[in-house]
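Biologist: I have a structure open and would like to go through some of its parts. Can you take my questions one by one?
Modeller: Go ahead.

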Amino acid sequence: MIKKEQKPGQKTSPKIPKVAFDPYDYKKQTYRGVDIYIRPLPWANCTFLKWMISHGAQDDKIELEGTAHFLEHVVFDGNDLYGDRKTIDLFSKEYLLDSLNAHTRFTDTCYVCKFLPQKAGPALDGMYHLIFKPLMRDEDVEHERKVITQEGWDYLLNDKYVAYLKAWSNNLYADIPEKSRMASPLGWIDTVAKVSKKDLRFAHKNYTRENSIIILTGVVNESIIREIKKKIDLLPSGKKRPSLKIPSKINIPKEKRWTKTYTEIGRTDTKQAVLEIDRVLEVKRADEDTLGLISIILREILFRRLRHDNSWCYGVGVNFFKNPKYISQNIWVKVAPENLKDAENIIWDTIDRFIKGEYKEDCERERKIIIDRTLASEFLSGDIAETAEREIASGKNIRKLNEYLEGVVKADYDKAVKHLSLYFKKEDVFTEITIPEEFKGKVK
Ligand SMILES: [Zn+2]
């Protein structure tokens, strides 16, 4: 049989092989309004639980920034079943493989643990009481206020850095109403000082059935699902958190260029300079796959030009992605201050060449690598749970591996070019340069 010959340079989109086992093939059950995402994993020996509450830093009131995160802390100080921090620790050791944890994001608060299937009963019982029945005593509130101040000492106790962060988000996120809650869910030192027990109890009213989302992976059998449903039956009912208001217009930053020393922004002086280029955009401006393609190609070429050709940097970052409220576009590089100007020129020259179509071949090659790398991946149960959690937190569906690969193959170079030429113009971005003290006045 004569094989069909492929002419050099002929365009072929890589074929997507069907993956034999897709770890992201979650099934969704909705029980009394609660979405339960289930992905049993044949290799797992324990159950992974993520109990997400749609209440996060975005819901903090102005002047009380940090409340949702504060609440997450106080929840660990005692409930009607396990009365104090020490007993909760023992509960985690006895039933949860010492895995009990939580984190607060902009959009939500997530309580996480894993447990052996034979301990599902007491494990889920303890989780229910922890999340939904906290005691929130005066002493717990004061205790956590101190702990949070230590957790965030790096910026909470650094006036210069706080002032810088606020100015920075006012410049870049001017059109996003929640900008005072975006730098960190921890809030600010004056707002953490103000949060009262009453505020925390008020915030806890959002811990309801309507605001619960559950992810279960690893060992997930009928009896575990039954136990989860029994807990859902006990949940208080309340209002569902209204859907996020997405800004329909985001203007270009007011100030286009800052050059500051580390000392001026409240950081420790170092010998290296940092160059960051940012532009925030409305969510509707691009799809995830186009943004992903831009990130991959630009990073690859910049790495090649800045590191391989010039040895000016160790690493370079290109992060174009969507989050629930806006599209974030950022390029950063750390270089010796004397190479700053040249590095910046190379970045813009690379974007120019991208727009002129110079990197089409690189694009095809990167696509093939992504497919191969995905096929070669080994998956851990914990990561499978975490990816699902991240996707849900950012308002997306959990993508199956094949859906992800289809997106990679479908992402179109021409679309990426159009996006860059419209939405990453030199005159519209915010360029932020941080330099060592000794270069003050010598770099613009
Ligand atoms: Zn914390």
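Biologist: At what angle do helix α10 and helix α11 pack?
Modeller: This is a predicted model. In it, α10 (residues 288–309) and α11 (residues 340–355) pack at about 135°, and their axes are 10 Å apart. The crossing of the two helices is right-handed.

Biologist: Which residues make the contact?
Modeller: On the α10 side they are Ile297, Leu298, Ile301, Leu302, Arg305 and Leu306. On the α11 side they are Ala343, Ile346, Ile347, Thr350 and Phe354. By class, the contact of α10 with α11 has nine nonpolar residues, one polar and one charged.

Biologist: Now the sheet with β7 in it. What is the strand order?
Modeller: The order is β7-β11-β8-β10-β9, in an open sheet of five strands with mixed pairing. β7 (257–261) and β9 (316–322) are the edge strands, each pairing on one side only. From one strand to the next, the twist averages 10°.

Biologist: How many bridges join β7 to β11?
Modeller: Five, and β7 and β11 (residues 430–435) run parallel. As one example, arginine 257 has threonine 431 in β11 as its bridge partner.

Biologist: And which strands do those two helices touch?
Modeller: α10 packs on the sheet and touches β9 and β10 (326–335), with its direction at about 175° to that of β9. α11 also packs on the sheet, where it touches β8 (273–282), β10 and β11. The direction of α11 makes about 30° with that of β8.

Biologist: Different strand. How many residues of β5 are buried?
Modeller: Seven of the seven residues of β5 (residues 109–115) are buried, so the strand is largely enclosed by the rest of the structure.

Biologist: Which way do its residues point?
Modeller: Thr109, Tyr111, Cys113 and Phe115 point one way from β5, while Cys110, Val112 and Lys114 point the other way. In a regular strand, side chains alternate between the two faces of the sheet.

Biologist: How many bridges join β3 to β5?
Modeller: Seven bridges join β3 (residues 47–53) to β5, and these strands run antiparallel. Isoleucine 53 has threonine 109 as its bridge partner in β5.

Biologist: What about β4 and β5, how many bridges there?
Modeller: Four join β4 (residues 101–104) to β5, again in an antiparallel arrangement. One of the pairs is alanine 102 with tyrosine 111 of β5. β4 and β5 form a hairpin, and four residues lie between them.

Biologist: Back to helices. At what angle do α12 and α14 pack?
Modeller: α12 (residues 360–376) and α14 (residues 401–410) pack at about 170°, with their axes 10 Å apart. That makes α12 roughly antiparallel to α14. Arg367, Ile370, Ile371 and Thr374 in α12 meet Leu401, Leu405, Val408 and Val409 in α14. By class, the contact of α12 with α14 has six nonpolar, one polar and one charged residues.

Biologist: Last one, lysine 133. Where is it found?
Modeller: Lysine 133 is in the loop between α3 (120–132) and α4 (138–151).

Terms used:
Residues numbered from 1 in each chain as written. Predicted model: local features only at pLDDT ≥ 70, side-chain atom pairs only at ≥ 80, totals over all residues. Axes fitted to C-alpha atoms, helices over the stretch in contact; angles between N-to-C directions. Left-handed = near helix turned anticlockwise from the far one by under 90°. Contact = placed C-beta atoms within 7 Å. Nonpolar A, V, L, I, M, F, W, Y, C, P; charged D, E, K, R; others polar. Pairing = 2+ DSSP bridges. Buried ≥ 20, exposed ≤ 12 C-beta atoms within 10 Å, placed from the backbone. Parallel < 35°, antiparallel > 145°, perpendicular 65-115°, else oblique.
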